[in-house]
Each structure stands twice: as C-alpha cells, then as structure tokens.
Amino acid sequence: AQSVTQPDIHITVSEGASLELRCNYSYGATPYLFWYVQSPGQGLQLLLKYFSGDTLVQGIKGFEAEFKRSQSSFNLRKPSVHWSDAAEYFCAVGPMEYGNKLVFGAGTILRVKS
Amino acid sequence: EPEVTQTPSHQVTQMGQEVILRCVPISNHLYFYWYRQILGQKVEFLVSFYNNEISEKSEIFDDQFSVERPDGSNFTLKIRSTKLEDSAMYFCAITQGEGTEAFFGQGTRLTVV
C-alpha cells in the first residue's frame, strides 16, 4: 500500500536559517510526488511537484525538493526561511495512472523564530 | 493555476441532519475529488469522480456519503445523516489531465454538534 512518512511533527527554525523537511514514501513504482503548504485556516497550496526528469525540482516561494529513488525520499528545502513561511507542510504521493488519488503524510508544522 | 471555489466556508449542523458541500471549479477539469482533514490529522482521500461517476472511493466513503455534478458545473458532497465524527475540513480538488497536479479549494469546515 502507498504511504508517506513525515518524521518531524514540528520544526522550529530561526528566520534566515536554512530549512529541510523530510519525506519518505512507500510505493511500488515511481510515484508522482508533491509538497503542499497549508497556512492556518487556509486550503492546500501546491509548492512543487516531481513527475520525471531532473530529480531536483524548483517550486514557488524559493522552495526546492530533491527526489532520491534509492532512499525513497523527497525532502523539501529552503536556503533562507522567512517568517511568512510558518505553516503546515504536507508531502503527498500519487500513482502514475491518470486521475488517481493522493496519499498524504501527516504534515510538519513549521514555526519560525524571529 | 485553476481556481476551485467551495461553499460554504463554514457550516455548523446538528447531528443527524443532512449537509451538502459545494465545489465550483473555474477551469477545464476532468477529475474531481473530495478529501477531508479531521482536526490535527492528515488529509484523507474520500472519493474521485470522472465522467459523471465515481471512479474510486475510500473506506471512509460509506453509504451516508454521495457525490454528484447536478448541473455540469457544481460538484457536491452530500452527507445524509451527520455524525459528530464527521466534523472536519472538507476539501474539493481537481486535476486537469494525465500527469497533472491536483488543485485544492479553500475547504469547508463542517462542525457537527
């Protein structure tokens, strides 16, 4: 069965510091991989996606993520965090077949210290 | 990025009542989805809908739930007899085609009292 693990429930970083949020997945083939962000009381906004090709993908708001097949990981990174990045981040996996569902991780809550 | 509008943003209902949550995608779209997020828990898939029929549903999506596109535009989720444990944020999502990402609405917060 597909599953997504985000091992860190909460992470606190100082403004300006670098950030890495971890995501590991379990899936029988090469999946589609996504990171979504949810600000308090808001919906889910897509940060970036990996379908194929270059394993380092760039997203919005200065985020990037690297797909590592050997580690079944898709970690999200940002070189310098801004206070406005405080939110909950969800990693999700979807199958290659068109139109099928996403499986989400439990989320990581990011707090930013000023 | 396509827009997905959900109404209402917040609904409070009494246990046992029926609720209808609405989703209006503002774009060309092919697949529709409902997900829910119970407070403090992960986002869970409920159902996907394509070509006017359910294409996949989860164990959560039991007989009290139903979906339809009554007028070819709105996509609705009906909960026939709400229970306290149905209290959650419900998200509508769409995908536009093969190999494309899902875009989510802002969600409807359902509170069952």
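This is a predicted model: local features need pLDDT of at least 70, side-chain atom pairs count only at pLDDT 80 or more; totals for chains, interfaces and linings use all residues.
User: What is the volume of the largest pocket, and which residues are the closest to its centre?

Analyst: Rolling a probe the size of a water molecule over the atoms shows where empty space is left. A pocket is an open set of points on a 1 Å grid over the protein atoms alone, where a 1.4 Å probe fits, with protein on both sides within 12 Å along at least five of seven lines. Lining residues have an atom within 4 Å of a point. Volume is the space filled by probe spheres set on the points, which are joined across faces, edges and corners. Here the largest pocket has about 360 Å³. It has 18 lining residues; the closest to its centre are A:Gln38, A:Glu88, B:Gln37, B:Leu39 and B:Gly40. By class, the lining has eight nonpolar, eight polar and two charged residues.

User: How many disulfides are there over all chains?

Analyst: A disulfide is a pair of cysteine sulfur atoms within 2.5 Å. The count is two over all chains. In chain A, A:Cys23 pairs with A:Cys91, sulfur atoms 1.9 Å apart. The S-S torsion is about -65°, so this disulfide is left-handed. In chain B, B:Cys23 is joined to B:Cys92, also at 1.9 Å from S to S. That link is left-handed, with -60° about the S-S bond.

User: Are A:Cys23 and A:Cys91 buried or exposed?

Analyst: Buried means under 20% relative accessible area (1.4 Å probe, protein chains only). Both A:Cys23 and A:Cys91 are buried. B:Cys23 has 0% relative accessibility, so it counts as buried.

User: What area is buried between chain B and chain A?

Analyst: The size of an interface is often given as the accessible area lost when the parts come together. Buried area is that loss (1.4 Å probe), summed over both parts. Between chain B and chain A it is about 1,900 Å², and carbon and sulfur atoms give 55% of it. B:Lys42, B:Glu101 and B:Phe104 supply 25% of the area that chain B buries against chain A, more than any other three residues.

Conventions
Residues are numbered from 1 along each chain as its sequence is written. Chains are lettered from A and ligands numbered from 1 in the order in which they are written. Side-chain values use heavy atoms; hydrogens and water are left out. Ala, Val, Leu, Ile, Met, Phe, Trp, Tyr, Cys and Pro count as nonpolar, Asp, Glu, Lys and Arg as charged, and the others, Gly among them, as polar. Buried means under 20% relative accessible area, exposed over 50%, partly exposed in between (1.4 Å probe, protein chains only). Buried area is the accessible area (1.4 Å probe) that two parts lose on being put together, summed over both.
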